[in-house]
Amino acid sequence: QVQLVESGGGLVQAGGSLRLSCAASGRTFSSYVSGWFRQAPGKEREFVAAISWSGGSTNYANSVKGRFTISRDNAKNTVYLQMNSLKPEDTAVYYCAASTQGLGSSGYDYWGQGTQVTVSS
């Protein structure tokens with residue numbers, strides 16, 4: 001069992017940066033693929049980024065490539081999402097998730113409660 005708690009969301013101007021954190025509980029967290037997803041009002045949840053259990057492999061949605069960076073610190077049971085050059089269209093609730101499968105956008109077994117990110121123009 002893995003429990004996930006996101007933090008770090010907030011209000012930022014376009015062009016600014018935020019770093020989201022996802023703190024995990026559970027002894028086997030380091031064996032999970034970790035991912036970030038987001039859901040904007042009136043839209044479906046979409047994949048943002050994923051990182052392998054070792055941190056050696058990552059996968060990003062085209063919409064965030066070059067602007068967002070996913071990383072993890074297994075010693076701290078924490079996954080991060082560094083978001084730079086933020087745009088108003090990045091506004092959404094961001095969710096952390098954990099999976100025993102690959103770096104894709106499906107197969108996630110555990111989810112956090114979400115943290116709101118709002119980017120003003």
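**Close-up views of a predicted model**

**Figure 1. Glu89 in the loop between strands S8 and S9.** Glu89 sits in the loop that lies between strand S8 (78–83) and S9. The model shown here and in the other views is predicted. With a relative accessible area of 56%, Glu89 is exposed, because a residue counts as exposed when this value is over 50%. Val119 is 30 residues away from Glu89 in sequence. In space, the C-alpha atoms of Glu89 and Val119 are 7.6 Å apart.

**Figure 2. The disulfide between Cys22 and Cys96.** The structure holds 1 disulfide. This bond joins Cys22 to Cys96, with an S to S distance of 2.1 Å. The link of Cys22 and Cys96 is left-handed, with -80° about the S-S bond. Distant parts of the chain are linked by the pair, since Cys22 belongs to strand S3 (residues 18–25) and Cys96 to strand S9 (residues 92–99), 74 residues apart.

Figure 3. Are Cys22 and Cys96 buried or exposed? Cys22 has a relative accessibility of 0% and counts as buried. Cys96 is likewise buried, its relative accessible area being 0%. Both assignments follow because buried means under 20% relative accessible area. In the protein chain as a whole, 45% of the 121 residues count as buried.

**Figure 4. Strands and overall dimensions of the protein chain.** The protein chain has 11 strands and 0 helices. Read from the N terminus, its elements run β-β-β-β-β-β-β-β-β-β-β. The radius of gyration of the protein chain is 13 Å, close to the 14 Å that the globule rule gives for 121 residues, so the chain is as compact as a globular protein of that length. Along the principal axes, the C-alpha atoms fill a box of roughly 40 × 25 × 25 Å. Among contacts between residues at least 6 apart in sequence, 56% join residues at least 24 apart.

**Figure 5. Surface and charged side chains of the protein chain.** The accessible surface of the protein chain is about 6,100 Å². Carbon and sulfur atoms account for 45% of this surface. The protein chain carries 10 positive and 7 negative side chains.

Technical notes:
Residues are numbered from 1 along each chain as its sequence is written. This is a predicted model: local features need pLDDT of at least 70, side-chain atom pairs count only at pLDDT 80 or more; totals for chains, interfaces and linings use all residues. Side-chain values use heavy atoms; hydrogens and water are left out. A disulfide is a pair of cysteine sulfur atoms within 2.5 Å. Helices (H or I, at least four residues) and strands (E, at least two) are DSSP runs, numbered from the N terminus. Buried means under 20% relative accessible area, exposed over 50%, partly exposed in between (1.4 Å probe, protein chains only). The radius of gyration is taken over C-alpha atoms; the globule rule is 2.2 Å times the number of residues to the power 0.38. Contact means heavy atoms within 4.5 Å. Accessible areas come from the Shrake-Rupley method with a 1.4 Å probe; for residues, only the protein chains shown count as cover. Lys and Arg count as positive and Asp and Glu as negative; His and the chain ends are not counted. The place of a charge is taken as NZ of Lys, CZ of Arg, CG of Asp or CD of Glu.
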